[in-house]
Amino acid sequence: MTLRIAISGLPSERVRFAASPLAELTAMLHVLAEPGHHPQFAGWAADVWAGLRPELAERLREAEFLWRSSQADFLIPARPRPTLAEELDDVDRIDDETYVTAALVTTCGSNRVHFPGASPLTDTAARERALDVAQARGALQEAFAERLLADPAAVRARVRHTLEECAGAFFDGAWAGVAVQLAGDLRLKNDLLRRQGVGAALASVSGAVTLAPDGDCIIVDKVQDKATAARGAGVTFIPSVFGRPHLVAVHAPGWHPVVQYPVAEPGPAEPVSLETVTLRLEALAHPVRLRLLRTLARGPHTTAELANFWELSPPEVSRHLAVLRRADLLTTRRDGRYVRYTLNLPDLAALGTDLLSAVLR
């Protein structure tokens, strides 16, 4: 499952790497709403909540649907600015229909098929659908959707005021701490882009972001099958410290494609693709292969030894071992005329973490 961003004919300079204060604030707000996704920031989140004025905390909960399950597209800027105020000014320039549709698609957990070609602000059917879905997701969300549809200008001003208050409450201090790390990452990415091209720059973003062999498409490993096109405006990549482990992608029709990616921690392994995780889960789904793994967990064995132990034919064992090898759950070592199979214990042990990471990405 992937997001494909078409870049055919796009000059390399239209693939842009830049930091965004608003996008990083959005990542921080997601951490506050979903601290379980980000155990490394659990202490930070607890300290922030403890220090917030009750009125601001209430407004953050009121609007958390803009950044909890996913992020509203207008919170991940296509053209990052140096300051949060400048980026909020750009958001203010978005027309009400675009803003409301983006907000409700996010708050209603939609995959955007609920409002095809229509805005809930102007289309009765889309409006009813938005309110129905909002109602099903809880009273706070329903109230937010009703207020936004009734008076978008007032809600937009309230959301902006909330984000501005976050600056003084916690964002400014946190931003000062991460800006240096983001700048270092951007130096690396832009140097690779300039010297080695788009493919090298994307490879340094994440193992989950690649350039298609023909160079016409950027492929992002996501739990979805979607497609968009960069066209003349290009595509923007925004690094994030607080966004780890998520890859956030703006891909709705009419929006400039943007990918917010996590800045790598020192020394971690590359993320395992969802395809690899799926392959391993499928390999483990057969009871015979689980039996073979239980034996291999006790030490290396040959095909004949496994066949004899489990009273299976050698060809049947070979077929199951081939599936496990394709999933990289086994390693082999030749000893004379014998080939011994060994369980790849580190990758098997990491499967739970890899599955969680792939899902959260």
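Is Arg59 buried or exposed, and what is its relative accessible area? In this predicted model, Arg59 is buried, with a relative accessible area of 2%; buried means under 20%, exposed over 50% and partly exposed in between, with a 1.4 Å probe and protein chains only. Because the model is predicted, local features need pLDDT of at least 70 and side-chain atom pairs count only at pLDDT 80 or more, while totals for chains, interfaces and linings use all residues. Residues are numbered from 1 along each chain as its sequence is written, and side-chain values use heavy atoms, leaving out hydrogens and water.

Confidence comes next. The mean pLDDT (the predictor's confidence in each residue, from 0 to 100) is 87 for the protein, and 92% of its residues reach 70 or more.

Four strands form an open sheet in the order 2-6-8-7, with mixed pairing; two strands pair if DSSP finds at least two bridges between them. Strand 2 (15-17) and strand 7 (248-250) each have a single partner strand and stand at the edges, so one side of each is left without a neighbour in the sheet. From one strand to the next, the twist averages 15 degrees. Strand 7 runs antiparallel to strand 8 (residues 258-262), and three bridges join them; Ala249 has Val259 in strand 8 as its bridge partner.

Helix 1 (residues 21-33) packs on this sheet, touching strand 6 (235-240) and strand 8, and its direction makes about 50 degrees with that of strand 6. Such angles run from 0 to 180 degrees between N-to-C directions, with axes fitted to C-alpha atoms, for helices over the stretch in contact. Helix 9 (residues 198-205) lies across strand 2, strand 6 and strand 8, at about 40 degrees to strand 2.

Back to the opening residue: Arg59 belongs to helix 3 (residues 54-62). Its side chain makes a polar contact of 2.6 Å with that of Glu55; a polar contact is a pair of N or O atoms within 3.5 Å, where within protein one must be able to donate a hydrogen and the other to accept it, and residues adjacent in sequence count only if both atoms are side-chain atoms.

Definitions and conventions: Helix = DSSP H or I, 4+ residues; strand = E, 2+ residues; numbered from the N terminus. Contact = heavy atoms within 4.5 Å.
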